[in-house]
Amino acid sequence: MLKENLVVFDIDGTVTDSVHIHQEAFIKALLKLGVPRHQPEDQPQLNSFKHHTDSYIAKTIFETYTDLTFDQKLLQEFERELYGDIKKHVIAEIKGALKFIQYLQSKTNFGICFATGSLLQPAIHKLNAIGLQFEESLLVGSNDLWDRESIIQQAINQAKSYYDQNNFKTIISIGDGLWDLKAAQNLNLEFIGIGTQYKTNFIQNNVRYLADDFSEFNKPDIKALLHD
C-alpha cells in the first residue's frame, strides 16, 4: 500500500515498557567503563541533560568523572555493556503498541519509522522482544547523533527513501517525554503524547492529542488525526 503519511515512534516508554530497565542498565554500563560510583543523591538525573540521548549523556558523564575522552571505541564498548544487561530482562510492550503498529503497516497509508535516544543495538532488541517485524533501516538511534531533532529528521529521511516519497503529507511524532514534544515542536510535526508520567506537563504545554496507552487511540480526536 502506498504510504503518503508517516508516524515517527519513540521507543522506550512509548512502544516498549523499558524506561526503568534501560536506565538501570545505563548506570551499570557506565560503572563498568570506570565511572566512579556515586551516592544516589549525587548521581545526575538522566532527564536533566541538554540532549536526552544515550550517546550524549554517556559522553558527558564519562568525561566529567574520568577526565578521559569518550571516543567511538568507548561508545561501542558502552553499547555492548548496555545491550548485554538489557537482554537479561523481559521487555513488554506498552498496551496496544504492537497491534497499532501492525495496523498502520497493513491497513493504512501511514508509513512508520522509529527515532530513539537509545543506542541502536538495544533499541533493535526491544522491538524484536515484543514481536514486532520492522525494517531496520527505518530505525535511527543515537550512535552517530546527539540531539533528538537530528535523530528524528534522519529517520524521516530514511523513511522517504524506503517508501519512495519525496514528501509525506502528514508526519506525526508519538512520544512519552518532554524531550519528544520539544523535538516535534522544533521540527513542526504533529505530536501525540503517550503515557502518564508527563501528562500534566503535556497539558500545561497545550498538547492537543493525549493517550495513556495505545488502547486509547480510538479517541475521536486521535482517530481524526490518523484518518487516511
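D67 counts as exposed because its relative accessibility is 70%, where exposed means over 50% relative accessible area and buried under 20% (1.4 Å probe, protein chains only). Keep in mind that this is a predicted model, with local features needing pLDDT of at least 70 and side-chain atom pairs counted only at pLDDT 80 or more. Residues are numbered from 1 along each chain, and side-chain values use heavy atoms, leaving out hydrogens and water.

Most residues other than glycine have a negative phi.

| Residue | Phi | Loop | Relative accessible area |
|---|---|---|---|
| D67 | about 60° | between α2 (54-66) and α3 (72-86) | 70% |

Helices (H or I, at least four residues) and strands (E, at least two) are DSSP runs, numbered from the N terminus.

Beyond its neighbours within four places in sequence, L6 is in contact with residues including F110, I156, Y163 and F168, contact meaning heavy atoms within 4.5 Å.

Helix α6 also meets α7 (residues 178-186): their axes, lines fitted to C-alpha atoms over the stretch in contact, come within 9 Å and cross at roughly 65°. This contact is made by R148, E149 and I152 of α6 with W179, D180, K182, A183 and N186 of α7.

Notes: Axes fitted to C-alpha atoms, helices over the stretch in contact; angles between N-to-C directions.
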